[in-house]
Amino acid sequence: MAAPAAPPAHEPLERIAVEMKGKVRVVPVGEIDYFAASGPYIELHVGDRSYLIRESMQSLEGRLDPERFVRIHRSVIVRLELVETLLKGAGGDYEVQLKTGTRLRVSRSRREMLERRLGVVR
């Protein structure tokens with residue numbers, strides 16, 4: 001008897017539907033700069049706009065393409081290709097600066113993984 005077929009591979013999320021003012025807007029994931037937790041919501045930052053969805057960071061992280069997005073803090077997921085600079089601050093704290101100029105804090109526990117993803121050699 002043949003083994004059962006493997007379940008289909010998880011397809012990364014390609015778009016997110018957001019409700020605003022009675023309308024539903026579909027935001028392509030590739031346009032999102034970063035995600036930031038805000039209580040029970042997540043803010044999607046797209047250029048100078050932001051949208052809210054109700055989902056946990058852990059759930060969202062599991063649905064995103066790990067080749068394109070990286071979690072840099074318990075409350076922030078960033079699109080890797082937008083990271084321009086890794087900045088070391090006083091006391092060993094780190095931030096990333098995105099190509100848009102936005103600066104986001106990097107948690108100490110996620111810094112080494114971020115450095116590997118960015119190709120930083122020590």
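The model is predicted: local features need pLDDT of at least 70, side-chain atom pairs count only at pLDDT 80 or more, and totals for chains, interfaces and linings use all residues. Residues are numbered from 1 along each chain as its sequence is written, and side-chain values use heavy atoms, leaving out hydrogens and water.

**Sheet and helix**
- Strands (DSSP E runs of at least two residues; helices are H or I runs of at least four, and both are numbered from the N terminus) form an open, antiparallel sheet in the order β8-β9-β10, where pairing requires at least two DSSP bridges.
- β8 (83-88) and β10 (103-106) are the edge strands, each with a single partner, so one side of each has no neighbour in the sheet.
- β9 (residues 94-98) pairs with β10 over four bridges, and E95 sits opposite R105 in β10.
- Helix α2 (residues 108-118) touches β8, β9 and β10, with contact meaning heavy atoms within 4.5 Å.

**Salt bridges**
- There are eight salt bridges in the structure, each a side-chain nitrogen of Lys or Arg within 4 Å of a carboxyl oxygen of Asp or Glu.
- One of them joins E61 and R71 (3.0 Å, N to O); E61 lies in helix α1 (residues 57-63) and R71 in strand β6 (residues 69-73), so the pair ties together parts ten residues apart in sequence.
- R71 is buried at 11% relative accessible area, while E61 is partly exposed at 33% (buried is under 20%, exposed over 50%, partly exposed in between, with a 1.4 Å probe and protein chains only).
- Within helix α2, R111 and E115 are four residues apart, about one turn; their side chains meet at 3.1 Å, N to O, and both residues are buried.

Key
Axes are lines fitted to C-alpha atoms, for helices over the stretch in contact, and angles run from 0 to 180 degrees between N-to-C directions.
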